[in-house]
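Q: Could you take a close look at one part of this model for me? I'd like to hear about the aromatic packing and what surrounds it.

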Amino acid sequence: MTHTYQISGMTCNSCEEKVKKALEAQDNITNAIVSKDNGTATVTMTKHLSLASLQNALDSKYQISEINNPHEIASETGSWFETYKPILLIFFYISLVTVLIQSTNHHFDWMQSMQHFMAGFFIVFSFFKLLSLKGFAESYRMYDVLAKKIPAWGYAYAFLELGLGISYLLNFDPIITNTVTFIVMSFSIIGVLQSVLNKKKIQCACLGTVFNLPMSTVTIIEDGLMILMSLAMLIPLFN
């Protein structure tokens with residue numbers, strides 16, 4: 001489980017490091033992301049610790065308190081369809097456009113259809129991420145293995161998706177485009193798998209912060225589909 005807390009008293013980078021080390025030294029805490037600028041600590045636990053326990057772990061100059069966590073999903077209140085309706089509609093529209101484009105050809109071209117689908121996927125999904133780039137980067141950092149170590153990766157990822165979408169649309173060097181997609185999405189799915197298998201109830205950042213989608217097997221399918229399609233387009237290029 002992951003919770004975000006407000007922490008007062010942090011004035012420098014050294015304070016960030018002290019709070020981080022103090023929290024991560026506690027049993028059942030696997031990771032702590034601390035920000036003096038935001039005055040927050042996002043803590044990942046294997047077992048919930050009380051606020052008093054967390055306060056006891058810190059120096060008395062730092063005060064910890066609870067805040068509402070916009071990246072944490074408490075529970076799915078609606079039906080499965082209602083929860084995932086935004087992403088299902090996006091996939092439907094991208095698929096519809098792809099099929100309509102193929103209807104103008106003399107025969108259905110699977111390679112071209114995958115190329116157009118990938119173009120639509122990356123362009124649309126990057127659009128939602130760029131609506132609130134900072135919010136996406138913070139949410140993505142909650143589970144992505146690279147963003148946890150390199151926070152700037154969350155910001156770069158949104159633009160990389162846009163670049164991949166344009167590359168697929170323009171049919172720019174298919175070997176490079178599909179190789180980059182395969183590598184990036186393979187790294188991305190690691191954090192998704194870890195979160196789902198550990199049953200972390202956190203927000204999926206695939207559509208930025210516009211929709212409060214929970215991390216689930218749907219996210220695994222989404223990333224896995226991109227990996228398989230990029231691989232399917234890449235293999236024939238080497239034959």
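A: Here's a walk through the aromatic rings and the core around them. Keep in mind that this is a predicted model. Searching the whole structure turns up 14 aromatic pairs. Take Phe-91 and Phe-125: their ring centres sit 6.2 Å apart with the planes at 80°, so this pair is edge-to-face. Since Phe-91 belongs to helix H3 and Phe-125 to helix H4, the pair ties together parts that are 34 residues apart in sequence. Phe-121 and Phe-125 make another pair, with centres 4.2 Å apart and planes at 25°, so that one counts as stacked. Both of these residues are in helix H4, and because they're four residues apart, about one helical turn separates them. Phe-121 has 0% relative accessibility, so it counts as buried, and Phe-125 is also listed at 0% and buried. Ring pairs join Phe-91, Phe-117, Phe-121, Phe-122, Phe-125 and Tyr-168 into a cluster.

Now for what's around Phe-125. Setting aside neighbours within four places in sequence, its contacts include Ile-87, Ile-90, Glu-161 and Leu-207. In the largest nonpolar core, which has 38 residues, Ile-87, Phe-125 and Leu-207 touch the most other members. Helices H3, H4, H5, H7, H8 and H9 each give two or more residues to this core, and the largest share, eight residues, comes from H4. There's also a second, separate core of 18 residues, with Met-10 and Leu-54 among them.

Helix H3 also holds Phe-92, which at 48% relative accessibility counts as partly exposed.

Terms used:
Residues are numbered from 1 along each chain as its sequence is written. This is a predicted model: local features need pLDDT of at least 70, side-chain atom pairs count only at pLDDT 80 or more; totals for chains, interfaces and linings use all residues. Side-chain values use heavy atoms; hydrogens and water are left out. Buried means under 20% relative accessible area, exposed over 50%, partly exposed in between (1.4 Å probe, protein chains only). A nonpolar core is a set of buried Ala, Val, Leu, Ile, Met, Phe, Trp, Tyr and Cys residues joined through side-chain atoms within 4.5 Å. Contact means heavy atoms within 4.5 Å. Rings of Phe, Tyr and Trp (its six-membered ring) pair if their centres lie within 6.5 Å; planes under 30 degrees apart count as stacked, over 60 as edge-to-face and the rest as tilted.
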